[in-house]
Amino acid sequence: MHPVEIKKDVFWVGAVDYTSRDFHGYSLSPQGTTYNTYLVKDEKTVLFDTVKSNFLDTMLCRMSNVTELEKVDYIVCNHLEPDHSGCLPKLVELCKPEKIFCSPLGKRSMQAHYDTEGWPIEVVKTGDSINIGSRDIQFIETRMLHWPDSMVSYIPQDKLLICNDIFGQNISTTERFVDEVDRAVVEHDMVEYYHNIVLPFSPLVLKTLDAIAEMGIEIDMLAPDHGLIFRGKEDVQWCFDKYREFAEQAWKKRAVIIFDTMWHSTEKMAYAVAEGFESEGVPVRIMHLKTDHHSAVMTELGRASAVVFGSPTHNNGILPEVAKMLTYMKGLRPQNRIGGAFGSFGWSGECVKSLSGSLVDMGFEMPVDGVKIQFVPTHDSFKKCYEMGVELAKALKEKCGD
Ligand code: FEO
């Protein structure tokens, strides 16, 4: 298990998780992920974060190719979620660090997760800095990016920002740098990660990007705790620009139709709605919740500003997969979307009302009445669905200034 020297005397000593598809217990990581850990050798040897506990041996093996474990002086915990802190108790035991640095809320998280009695915890806040020899480490709290305890660490002498969860991607590769991988793959994985993990905190992302710009700090390497490292000022700026674009959620001329179906009536309606979008030149993707995971739907939503839901009426409500999707989407707080609703019914017909209510609750604009049809769609029903697609497309194009 070899470390990778990412800057002089700065080593990646993390782990690549090729097979896990469950990310943080709620999201899908179709390409696996990585748990990045960095080790800096200076007068003090410093480890930044750890890995998920089942990768302890991998990390220790890489670390021991750089230093003896007992020579680790400091551990910096940028974030306490277990995919980054899971090996902390073992490392404290093996390394006996002189100090463990974390944010004020990091200390609380650490104490809640582990038996920290006797641990040399030292709390640092935004603006605090420590010297480790020829380098300084400056700390910047980034609350809610991703948990209240989150912070990032900046090493000015290396122009290196070790940024934990933000700017990450779920990707498992032997390559360590963004510039070694197809850019379209990286961008897709950034969209997927952002819209399943970071989206609710978009206002904080914008504040953080502004704060970094105002601080005037030079960054030529961005080292997240998941995925690939951005190397060089151009790639760092590319990443910042992408994050600003994701966070601003500007209107996009693209639609996604999300449905579940019982006897295919609602499915057929979905295709008719899509025809309406297509006729207006608005690209559209249809996603069936029995085959498309809720994380994949959120990734698609990252590219689409019209979001149309379809469900038949089931027990006076909607189908469970649709309800699950709506709950997941609501928590991720998408902004700047127009919505639409459709579905078939047998006798009571609450589907459209229920779907529309959920979309309004999320703050979606609903420019067109929903379409519900009894049992099996007829030619006239398809026409109504098609027309709904046309009207939604027109409303979206207006939003896009098209
Ligand atoms: Fe990758 Fe919030 O932990």
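The largest nonpolar core holds 61 residues, and L222, Y243, F309 and M329 have the most contacts inside it. A nonpolar core is a set of buried Ala, Val, Leu, Ile, Met, Phe, Trp, Tyr and Cys residues joined through side-chain atoms within 4.5 Å; buried means under 20% relative accessible area, exposed over 50%, partly exposed in between (1.4 Å probe, protein chains only). Another core lies apart from it, with 28 residues, among them L39, F55, L80 and V92.

This is a predicted model: local features need pLDDT of at least 70, side-chain atom pairs count only at pLDDT 80 or more, and totals for chains, interfaces and linings use all residues. Residues are numbered from 1 along each chain as its sequence is written, and side-chain values use heavy atoms, leaving out hydrogens and water.

**Contacts**
- L222 touches L161, C163, F167, I229, F230, V236, C239 and F240, not counting residues up to four places away in sequence; contact means heavy atoms within 4.5 Å.
- S53 sits in the loop between β8 (45-48) and α1 (56-64). Helices (H or I, at least four residues) and strands (E, at least two) are DSSP runs, numbered from the N terminus.
- With residues up to four places away in sequence not counted, S53 touches G86 and C87.

**Cysteines**
- The whole structure has zero disulfides, a disulfide being a pair of cysteine sulfur atoms within 2.5 Å.
- C87 is buried at 2% relative accessibility. Its sulfur is 11 Å from the closest cysteine sulfur, in C95, so a bond is out of reach.
- C351 is in no disulfide; the nearest cysteine sulfur, in C385, is 11 Å away. C351 is buried, at 0% relative accessible area.
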